[in-house]
Amino acid sequence: MGRCSIWSVVDLDTPLTTLLGARAAGLLADGLDLRLVGDLLGHLPRRYHERGELTDLADLVVGETVTVQARVERIERRPMRDRRRSMLKVTVTDGRQSLPLTFFNQTWRERDLRPGTTALFAGKVDEYRGRWQLTNPEVQLLETDADGDDAGQGFANALVPIYPAAAKVPSWTLARCVRLALDSLDPLDDPLPGRLRAQHRLPALADAFRLVHQPASRAEAARGRKRLTWDEALVLQVALARRRREVQAQATTARVAGPDGLLAAFDAALPFPLTAGQREVGAAIAADMARPVPMHRLLQGEVGSGKTVVALRAMLAVVDAGGQAVLLAPTETLAAQHHRSLREMLGDLARPGELGGDPRATGVVLVTGSMGARARREALASLASAAAGLVVGTHALLHEDVVFADLGLIIVDEQHRFGVEQRDALRARGRRPPHLLVMTATPIPRTVAMTVFGDLEVSELTELPAGRAPVSTYVVPAAVRSWTDRMWGRIRDEVAAGRQAYVVCPRIGGEGADDDDPAAAADLADGADARGAHPAATVVEVLPRLAEGELAGLRVESLHGRLAPARRETVMNDFAAGKTDVLVATTVIEVGVNVPNATVMVVLDADRFGVSQLHQLRGRVGRGTAAGWCLLYTAVDEETPAWQRLGAVAATRDGAQLSRLDLEQRREGDVLGAAQSGGRRSLRLLALLRDEDLIRQARVEAVRIVEEDPELTAHPALRRLLDAMLDDTSAAFLEKG
Ligand code: ADP
Ligand code: MG
């Protein structure tokens with residue numbers, strides 16, 4: 001390794017070439033993408049070894065680059081085939097298991113690797129004749145020399161940091177580079193304000209780096225790490241607080257329903273009383289929209305909690321006040337259903353200009369990407385002329401040349417991955433930024449709401465409307481014939497009683513491009529337990545099999561994303577009208593579909609779906625007053641993680657609990673969107689579930705800082721960190737919501 005001059009002083013922006021010389025810096029850049037001193041110090045140990053504590057060799061994984069601490073058991077020199085050169089066969093142990101190491105042309109190592117010696121070995125685990133081994137690993141002896149110095153190894157403490165390493169840059173080389181950096185580090189500008197540090201008892205930045213890289217104890221390492229996590233949490237929350245401020249600074253039109261307008265007429269005709277939650281959320285929305293500042297609200301509500309009525313009432317208030325409102329759905333199926341149900345709920349109020357009709361009535365139009373040119377022209381004309389006050393559509397509405405007379409409100413339904421950038425695109429559609437309401441049934445843990453949706457105010461609908469029937473969920477093992485028979489029998493019984501059923505398959509099957517839900521396909525790909533299993537059930541195969549076999553005599557139809565939109569609409573309408581008994585479908589029915597007469601759902605190969613997805617699917621039954629059934633059919637064995645996942649879904653209907661479980665099973669990166677994973681610098685330490693308290697505190701601090709000093713003039717280091725984060729992949733974290 002190159003040596004830096006002891007006198008040079010570095011800060012986080014110093015290139016590593018200055019500190020380490022070109023050769024060593026080149027290795028760090030190529031192997032680990034570390035270029036600046038800040039990158040190096042931000043490359044944190046993955047774990048710590050106690051000096052002398054041996055690595056559990058049972059944990060090794062073939063193909064991984066590992067650093068193990070082990071004791072030499074045996075060493076043997078053997079000639080290689082050509083008889084001229086030799087190799088060393090070394091066996092190391094953790095006290096229980098042993099691991100062979102092979103060194104070619106390194107006989108000089110014989111001197112160092114005497115039996116009983118403990119050392120660090122780093123390399124890629126490979127398999128040779130059915131046994132795991134390391135070939136030509138890097139070696140670092142751990143003994144200190146006589147005067148107790150650590151012989152330049154970079155770890156003077158009892159804890160040896162183990163870094164995520166690359167083939168040419170073993171962990172101890174990193175430790176040595178880090179030590180050079182720490183030894184010559186200038187006092188750093190601290191992004192955390194001193195007051196905040198004092199209040200939360202956090203070490204200064206340079207100290208935190210020392211604690212994390214060279215801890216004397218695990219408690220020290222944890223203290224350092226916590227401080228670095230604070231940096232991430234604070235900068236993220238500052239970014240969000242600034243966004244909220246920007247939104248608050250915009251001016252828009254206040255929208256207030258008239259005392260005797262459309263909303264009043266609708267409320268008067270409502271066939272059921274609103275739940276307390278619906279009234280409360282409705283009041284919050286009305287208050288938001290009564291201000292000349294754009295509403296920016298997230299409505300989280302359990303499956304079936306009645307979000308559509310809340311949405312419609314907000315839309316009607318806007319029409320009352322002379323504006324127009326958009327309801328966006330993630331799929332055409334759902335958009336069409338919303339269009340149908342809004343018109344049903346509104347009755348005469350959705351038929352303007354009819355003789356003897358209500359003069360307050362307004363047009364409700366549907367705009368989707370697949371509608372015919374004429375229908376589309378008409379729909380667009382009625383929007384431009386304000387004849388239609390309400391429009392339902394898919395995101396096609398965003399990209400199209402749709403002109404509104406006066407867009408006042410946008411509601412986004414069932415789209416919890418609807419990022420800031422899309423929200424901005426939408427808001428730009430009005431002459432003045434419209435009010436915005438995002439609705440989701442996927443309960444979002446508070447901390448996710450505070451990060452991914454940190455720029456929105458959050459309301460929740462927790463109670464279901466009264467009189468809602470319970471849904472019983474069971475896991476049905478494919479291996480037990482009698483259960484399978486009872487499962488199909490349940491569908492036949494319900495249909496005989498005048499009810500309807502869904503059969504959900506993971507895939508469409510047949511010819512043609514794939515599935516409706518890439519998430520299902522992804523689940524399929526990563527589910528370790530799905531590996532080697534039979535191919536997933538497909539709509540194309542299951543439909544004829546059921547129609548001729550288990551469900552012979554019933555009216556069975558299929559629904560999936562490859563059907564033409566008009567066909568899909570017909571199938572959905574027929575099912576809603578009770579003309580079909582059983583719908584064999586993909587996850588196109590996952591969100592929002594509302595047919596209260598459907599009481600049974602069978603999910604085939606349920607193990608292929610994620611927890612939240614199953615909960616969403618199950619929400620399609622039990623929407624009326626008759627008891628519902630959700631039967632999760634699977635071929636996986638009990639005791640497998642997949643089975644346990646299904647068991648968890650069967651055991652609770654608490655969406656919040658299930659979404660937490662879902663989150664725990666994914667990597668952090670997935671939560672914030674794909675752009676998060678990979679080489680991102682920020683948000684690495686922040687674990688959304690574990691750091692709940694910290695995120696909450698950081699939010700409070702961020703709000704305070706931004707209120708006092710929105711441009712962060714008094715906090716230059718924090719400002720730099722913020723700019724770096726926002727530059728970084730153009731703020732992917734904000735866009736990917
Ligand atoms: P989600 O919140 O899942 O979108 P929906 O808005 O589709 O739920 O509502 C589910 C069903 O509950 C609909 O049939 C709707 O008419 C009905 N519903 C909504 N609010 C009430 C209420 N206050 N009392 C009774 N039924 C209601
Ligand atoms: Mg809904």
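This is a predicted model: local features need pLDDT of at least 70, side-chain atom pairs count only at pLDDT 80 or more; totals for chains, interfaces and linings use all residues.
Residues are numbered from 1 along each chain as its sequence is written, and local features need pLDDT of at least 70.

**View 1. Six strands line up in an open, parallel sheet.** Helices (H or I, at least four residues) and strands (E, at least two) are DSSP runs numbered from the N terminus, and two strands pair if DSSP finds at least two bridges between them. The order is E16-E21-E20-E17-E19-E18. Strands E16 (471-477) and E18 (556-559) each have a single partner strand, so one side of each lacks a neighbour in the sheet.

**View 2. E20 meets E21 inside this sheet.** Four bridges join E20 (residues 598-603) to E21 (residues 628-634) in the parallel sense. Look for Val 603, whose bridge partner in E21 is Leu 632.

View 3. Contact means heavy atoms within 4.5 Å; axes are lines fitted to C-alpha atoms, for helices over the stretch in contact, with angles from 0 to 180 degrees between N-to-C directions.

**View 4. A second open sheet has seven strands in parallel pairing.** Its order reads E11-E12-E10-E13-E14-E9-E15, with E11 (363-367) and E15 (457-461) as the edge strands. From one strand to the next, the twist averages 20°.

**View 5. E10 pairs with E13.** Here E10 (residues 324-328) and E13 (residues 407-413) share five bridges in the parallel sense, and Leu 328 stands opposite Val 412 in E13.

Definitions and conventions:
Chains are lettered from A and ligands numbered from 1 in the order in which they are written. Side-chain values use heavy atoms; hydrogens and water are left out.
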